[in-house]
Amino acid sequence: MPARSVRAVVDLDVAGPTISKHLYGHFAEHLGRCVYGGFWVGQDSPIPNVDGLRLDVVEALRELDIPNLRWPGGCFADSYHWRDGVGPRAERPAMVNTSWGNVEENNHFGTHEFMALCELLGADAYVNGNVGSGTVREMSEWVEYLTRDGDSPMVRLRKANGRDAPWKVPFWGIGNEAWGCGGNMRPEAYADLATRYATFLHDHDGNTLWRIAAGAADDDLAWTEALMKALSCLGCTREPRRIFQAISFHYYTHSGDGLSKVPATDFDDDQYYGSLVKAVDIDRVIAAHSAVMDAYDPQRQVGLVCDEWGVWWQVEPGTNPAFLYQQNTMRDALVASVHFDIFHKHAARLRMANIAQTVNVLQAMLLTDDTEEARLVRTPTFHVFEMNKGHHDAVSAPVHVVEGPEAVTVGEAQLVPVSISASTKAGRALVSVSNLALDTDLALRLDLRGRAVTAPRARILTADKPQSHNTSTAPDAVAPTRLQVSLEPGTLGSTELAVRLPPHSFATVEVDVA
């Protein structure tokens with residue numbers, strides 16, 4: 001097969017921004033079978049569980065070292081009233097999930113169950129509060145219920161519900177998508193509300209909240225600017241007001257046809273490349289939001305958060321269209337891998353990102369069923385998260401592509417068919433590489449400079465076609481395997497690493513450094 005030759009220089013002795021592990025965050029909304037039927041099966045289920053939490057899901061997700069989990073939404077967050085989800089489960093009132101399918105929920109999965117899940121996963125909790133239909137008092141009391149020690153009305157309520165010690169909850173979302181399902185507000189109106197709510201979200205007993213204001217869809221910079229104006233003034237040299245600590249935006253990928261327009265596994269070459277063009281465009285979007293924030297906060301004290309991202313295809317035939325259950329292919333794995341390269345590039349401003357969603361919804365890590373067999377499938381996207389774990393809290397290293405490749409023309413856009421990022425941590429360097437070409441191998445030479453390099457090892461994720469995906473009968477159709485890699489002396493004391501990637505593939509190369 002023909003190959004594109006590419007040469008890239010990695011400066012292992014140049015320290016870029018630290019890649020926060022929270023860029024690998026997750027999202028669990030009350031939507032379809034993400035929570036009920038995904039994470040939660042109930043204590044009486046024949047499916048093995050820990051106090052109602054599905055055991056095989058927890059065990060699989062532990063392989064990813066999930067840094068944080070966002071809950072309960074999403075659009076659902078702005079209709080969720082937390083007090084309905086605490087206390088004895090048999091006494092909790094049911095509710096109607098008007099955001100996703102108008103289905104009734106029994107509220108058996110609430111605050112205590114979510115915090116138990118986070119403890120099992122070893123993940124930080126990211127709780128998203130209700131601005132749309134809630135009150136300042138309701139949200140403030142939820143913070144107190146979760147995080148305060150000592151004696152107060154909410155502490156007494158928590159203890160009465162079986163939890164003496166407070167939890168640590170570092171991340172708190174102030175509503176969701178206020179421009180849409182969270183209230184159809186103007187940016188300035190929401191900025192005023194976010195400031196008010198944040199004022200009453202208190203730090204209790206050593207728990208420091210990182211308050212996240214709900215920002216834009218895609219590149220709607222008016223939201224970012226309105227929220228930054230609430231914290232600072234244009235060109236100011238003073239520090240921003242510490243009312244909220246971050247601003248979010250959401251970004252979903254499609255193939256150019258719009259969200260939910262194309263089947264997840266039945267797509268042509270143009271739609272394949274269109275998906276990747278859309279995915280790569282998040283680089284421009286992050287840069288645009290960062291530029292606005294830099295004008296008000298040049299020291300980058302306010303974080304940018306992409307707390308919903310991923311692909312959004314048609315639901316699988318025969319499933320509830322409101323449940324957003326879709327398959328997950330090798331193409332989707334590449335969408336994830338290029339997102340991470342871009343997230344690493346912007347790590348100085350981008351502090352957190354959350355894939356939508358963790359189980360059974362959109363670009364899921366896991367697909368499950370509730371049959372007697374209780375089958376669980378790890379998706380290709382799951383494997384990208386697992387292969388990239390070495391980037392968590394690592395120091396990014398600059399990568400310079402110095403030779404090739406030619407861009408692929410996709411409609412009016414140009415797609416560079418190679419994506420690379422690198423980092424160092426604890427005596428090791430990790431390089432992630434994606435070959436986005438449909439029909440051409442990638443012959444890559446990495447010039448590793450600045451540090452001595454030994455013990456190369458590599459893994460690759462690929463398949464015979466980008467439509468390939470995992471199922472309960474073929475759970476490893478797309479799974480990592482070992483990849484041959486070679487080292488030889490380079491010029492000027494560097495080390496040159498050679499590796500060849502087949503079409504539509506993702507690889508990680510790890511070396512020891514001194």
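Axes are lines fitted to C-alpha atoms, for helices over the stretch in contact (heavy atoms within 4.5 Å). Helices (H or I, at least four residues) and strands (E, at least two) are DSSP runs, numbered from the N terminus.

This is a predicted model: local features need pLDDT of at least 70, side-chain atom pairs count only at pLDDT 80 or more, and totals for chains, interfaces and linings use all residues. Residues are numbered from 1 along each chain as its sequence is written, and side-chain values use heavy atoms, without hydrogens and water.

Pairing requires at least two DSSP bridges between two strands. I found eight bridges between strand 22 (residues 428-435) and strand 28 (residues 505-513), which run antiparallel. Ala429 stands opposite Val511 in strand 28.

Then I checked helix 4 (residues 153-160). Met154, Val155 and Arg158 are its buried residues (under 20% relative accessible area, 1.4 Å probe, protein chains only). They fall within an arc of 100° seen down the helix axis, so they line one face of helix 4. The arc is taken from the directions from the axis to the C-beta atoms. These buried residues pack against helix 2 (111-121) and helix 3 (136-147). Just after helix 4, Gly162 has a positive phi of about 105°.

Conventions. Buried means under 20% relative accessible area, exposed over 50%, partly exposed in between (1.4 Å probe, protein chains only).
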